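This report walks through one protein model. Have the sequence and coordinates open as you read.

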Amino acid sequence: MKYFAQLPAVLAALSLAACDAASPSTEPGQPTVGSSADLSAFEGARAGQAEMGIQNLGFELIRSEGLTSFWFNRETGACARITTGNGRYSDVTMLPAQEC
């Protein structure tokens with residue numbers, strides 16, 4: 001029982017440890033993962049929630065082939081092939097621009 005009494009203090013310490021003042025701030029509307037040149041960090045994300053983040057990074061949907069979609073960023077020339085499975089991005093692969 002002694003350990004359970006310390007649980008609130010441990011949880012509070014862990015939540016404060018997660019706050020890192022040195023971490024870079026992001027612009028409003030920008031997702032905390034991915035970049036305008038690389039979407040691979042979106043792998044495993046929920047498709048419906050991540051789509052707006054991808055658009056906010058400057059990508060536009062070029063085409064879809066079944067559960068696979070191709071996203072292109074005209075500013076950076078980055079191309080991503082994203083496959084969706086079970087409502088999540090199951091595979092995110094960056095490709096050469098000409099693939100989009």
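E2 and E3 run antiparallel and are joined by six bridges. Strands count as paired if DSSP finds at least two bridges between them. Thr 68 has Thr 83 in E3 as its bridge partner. Ser 69 faces Ile 82, also in E3. The two strands form a hairpin, with four residues between them. In that turn, Gly 77 has a positive phi of about 75°.

## Basis of the model

This is a predicted model: local features need pLDDT of at least 70, side-chain atom pairs count only at pLDDT 80 or more, and totals for chains, interfaces and linings use all residues. Residues are numbered from 1 along each chain as its sequence is written, and side-chain values use heavy atoms, with hydrogens and water left out.

## Overall make-up

The protein has three helices and four strands. Helices (H or I, at least four residues) and strands (E, at least two) are DSSP runs, numbered from the N terminus. Read from the N terminus, the order is α-α-α-β-β-β-β.

Of the 100 residues, 22% are buried. Buried means under 20% relative accessible area, exposed over 50%, and partly exposed in between (1.4 Å probe, protein chains only). The protein exposes about 6800 Å², and carbon and sulfur atoms supply 56% of that area. Accessible areas come from the Shrake-Rupley method with a 1.4 Å probe; for residues, only the protein chains shown count as cover.

Among contacts with a separation of 6 or more, 38% are between residues 24 or more positions apart. A contact means heavy atoms within 4.5 Å.

## The E3-E4 hairpin

E3 also pairs with strand E4 (residues 88-95), antiparallel, over seven bridges. Arg 81 stands opposite Thr 93 in E4. This hairpin has two residues between its strands.

Asn 86 sits in the loop between E3 and E4. Its phi is positive, about 55°, although Asn 86 is not a glycine. Most residues other than glycine have a negative phi. Is Asn 86 buried or exposed? Asn 86 is exposed, at a relative accessible area of 85%.

The four strands make an open sheet in the order E1-E2-E3-E4, with antiparallel pairing. E1 and E4 stand at the edges with a single partner strand each, so one side of each has no neighbour in the sheet. On average, neighbouring strands are turned by 25° against each other, direction ignored.

Helix H3 (residues 47-56) lies across E1, E2, E3 and E4. H3 runs at about 30° to E4. Axes are lines fitted to C-alpha atoms, for helices over the stretch in contact; angles run from 0 to 180 degrees between N-to-C directions.

## Salt bridges

How many salt bridges does a search of the whole structure find? The search finds two. The criterion is a side-chain nitrogen of Lys or Arg within 4 Å of a carboxyl oxygen of Asp or Glu.

One links Arg 74 to Glu 60, with the closest N and O atoms 2.7 Å apart. Arg 74 lies in the loop between E2 (68-73) and E3 (78-85), and Glu 60 in E1 (residues 59-65), so the pair ties together parts 14 residues apart in sequence. Arg 74 is exposed, with a relative accessible area of 59%. Glu 60 is partly exposed, at 33%.

The other joins the side chains of Glu 65 and Arg 63, at 3.0 Å from N to O. Glu 65 is partly exposed at 45% relative accessibility. Arg 63 is partly exposed too, at 30%.
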